[in-house]
Amino acid sequence: MNRSVSSSSSLPREQKAEARVASLQDGASWRPAIGLGLATLLLAGAVYAGIATGFAGLAFPTQAEGSLLRDANGQVRGSVWLSQPFSSDGYFQARPSAANYDPMAAAGSNMARSNPALAERVAASTAAVAAREGVAPAQVPADLVTQSGGGLDPQLSPAAAQLQIARVARARGLPVERVQALVQAHTEGRQWGVFGQPRVNVVTLNFALDHAAKAP
């Protein structure tokens with residue numbers, strides 16, 4: 001009789017011990033996962049980022065800062081890779097932007113070529129560019145009236161830049177040949193001679209144009 005009581009009273013203690021051991025095992029299985037997560041966060045999120053940022057700043061200081069363009073006073077006037085609007089006739093005009101030239105809202109219009117609204121907008125833009133440059137609508141290059149996929153591409157085709165030379169030279173009182181030389185100097189060929197098409201960066205061209213206008 002006493003043995004039965006003793007056996008039944010020891011059973012809860014054994015179950016509690018087993019539960020305690022299971023709990024310790026569960027805790028032990030979580031520790032490596034938590035440790036690995038923290039180590040990964042530290043190494044990939046802090047150490048690697050710091051090394052990569054430091055290396056980029058030393059090896060490519062201009063690009064690491066955003067390829068910024070600064071004037072003679074050190075003021076930032078733009079970035080080589082971001083288009084911006086130019087309202088004066090003394091500047092080459094960039095492509096239209098579906099993002100309104102906002103780098104925080106880069107996007108295209110997402111309109112299909114069959115969209116009537118797109119056709120209407122392109123027709124209106126073509127007429128406006130033709131009137132501004134004093135040419136027939138058929139002479140207006142497509143990239144002067146169409147938006148890029150990101151809405152911030154600063155490049156134009158050489159034909160689109162050539163079309164604007166006469167207006168820019170007239171507005172600035174510069175010889176056409178001088179403006180033509182600037183366009184030629186800022187015309188880039190295909191990437192590595194293979195990819196893409198020849199292009200002109202409107203932002204750097206206008207930046208150089210301002211310096212040329214101040215030169216004697």
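1. In which sense do β3 and strand β5 (residues 199-201) pair, and over how many bridges? The pairing of β3 and β5 is antiparallel and runs over two bridges. Two strands count as paired if DSSP finds at least two bridges between them. Within this pair, Gln 155 has Asn 201 of β5 as its bridge partner.

2. Basis of the note. This is a predicted model, in which local features need pLDDT of at least 70 and side-chain atom pairs count only at pLDDT 80 or more, while totals for chains, interfaces and linings use all residues. Residues are numbered from 1 along each chain as its sequence is written, and side-chain values use heavy atoms, with hydrogens and water left out.

3. Secondary structure. The protein contains six helices and five strands, arranged along the sequence as α-α-β-β-α-β-α-α-β-β-α. Helices (H or I, at least four residues) and strands (E, at least two) are DSSP runs, numbered from the N terminus.

4. The three-stranded sheet. An open sheet is formed by three strands in the order β3-β5-β4, with antiparallel pairing. Because β3 (155-156) and β4 (187-188) stand at the edges with a single partner strand each, one side of each is left without a neighbour in the sheet. Strands of a sheet pair through backbone hydrogen bonds, either parallel or antiparallel.

5. The β1-β2 hairpin. Strand β1 (residues 68-70) and strand β2 (residues 76-79) run antiparallel and are joined by three bridges. Leu 69 has Gly 78 of β2 as its bridge partner. Five residues lie between the strands of this hairpin, in which Gly 74 takes a positive phi near 85°.

6. Two aromatic pairs are found in a search of the whole structure. The ring centres of Trp 192 and Phe 195 are 6.1 Å apart and the planes are at 80°, so this pair is edge-to-face. Rings of Phe, Tyr and Trp (its six-membered ring) pair if their centres lie within 6.5 Å; planes under 30 degrees apart count as stacked, over 60 as edge-to-face and the rest as tilted. Trp 192 and Phe 195 are both exposed (over 50% relative accessible area; buried means under 20%, partly exposed in between; 1.4 Å probe, protein chains only). Elsewhere, the charged end of Arg 172 sits over the ring of Tyr 91, 4.7 Å from its centre (CZ of Arg, or NZ of Lys, within 6 Å of the ring centre and within 35 degrees of the ring normal).

7. Burial. Of the 216 residues in the protein, 27% are buried.
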